[in-house]
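Colleague: I should like to go through the reasoning behind some of the assignments in this model. Please set each value against its criterion.

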Amino acid sequence: MWERSVYDAVFNLVGVLRDQPTTVSEVAAFYHEEVSDIVWDISQLLRGWKALTLTYGFEERLFGVAESTGSGQSCTLVDEMYPYIWGCPVFLESLPF
């Protein structure tokens, strides 16, 4: 679940910031370093919370999904998407270590 939330947020954000319309698979192919930096930052932040972590190999899984299924998916930012991604009470209401 956390991997999907990170995937939805990061790949769309990086793609939307481009001047030209960009698909999720193009983000995976051409902006690997930017996505990787953001994903690792999020992963490090999650490690301080109880029972939240991205498991070993998460980066490869995220890029694999983006490359295999993202060719027809244009990068967009939809306001209604963010309560799903960042509005999880488990994350917002639990105390960090």
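Colleague: Which residues of α4 are buried?

Modeller: In this predicted model, the buried residues of α4 are Phe58, Glu59, Leu62, Phe63 and Ala66.

Colleague: What makes these buried residues line one face of the helix?

Modeller: Viewed down the axis of α4, the buried residues fall within an arc of 130°, so they line one face. The face turned away from that buried side carries the exposed residues Glu60 and Ser68.

Colleague: How do you know that the span of helix α4 agrees with its number of residues?

Modeller: Helix α4 comprises twelve residues (58-69), which at 1.5 Å a residue should span 16 Å. Its end C-alpha atoms are 16 Å apart, so the two values agree.

Colleague: Why is the contact between aspartate 8 and arginine 4 called a salt bridge?

Modeller: The closest N and O atoms are 3.0 Å apart; the criterion is within 4 Å, so the pair qualifies. Both residues lie in helix α1, four residues apart, about one turn of the helix.

Colleague: Why is aspartate 8 called buried, and why is arginine 4 called partly exposed?

Modeller: Aspartate 8 has a relative accessible area of 9%, and buried means under 20%, so the term applies. Arginine 4 stands at 42%; this lies between 20% and 50%, so arginine 4 is partly exposed.

Key:
Residues are numbered from 1 along each chain as its sequence is written. This is a predicted model: local features need pLDDT of at least 70, side-chain atom pairs count only at pLDDT 80 or more; totals for chains, interfaces and linings use all residues. Side-chain values use heavy atoms; hydrogens and water are left out. A salt bridge is a side-chain nitrogen of Lys or Arg within 4 Å of a carboxyl oxygen of Asp or Glu. Helices (H or I, at least four residues) and strands (E, at least two) are DSSP runs, numbered from the N terminus. Buried means under 20% relative accessible area, exposed over 50%, partly exposed in between (1.4 Å probe, protein chains only). The expected span of a helix is 1.5 Å times one less than its number of residues. The arc is that of the directions from the helix axis to the C-beta atoms.
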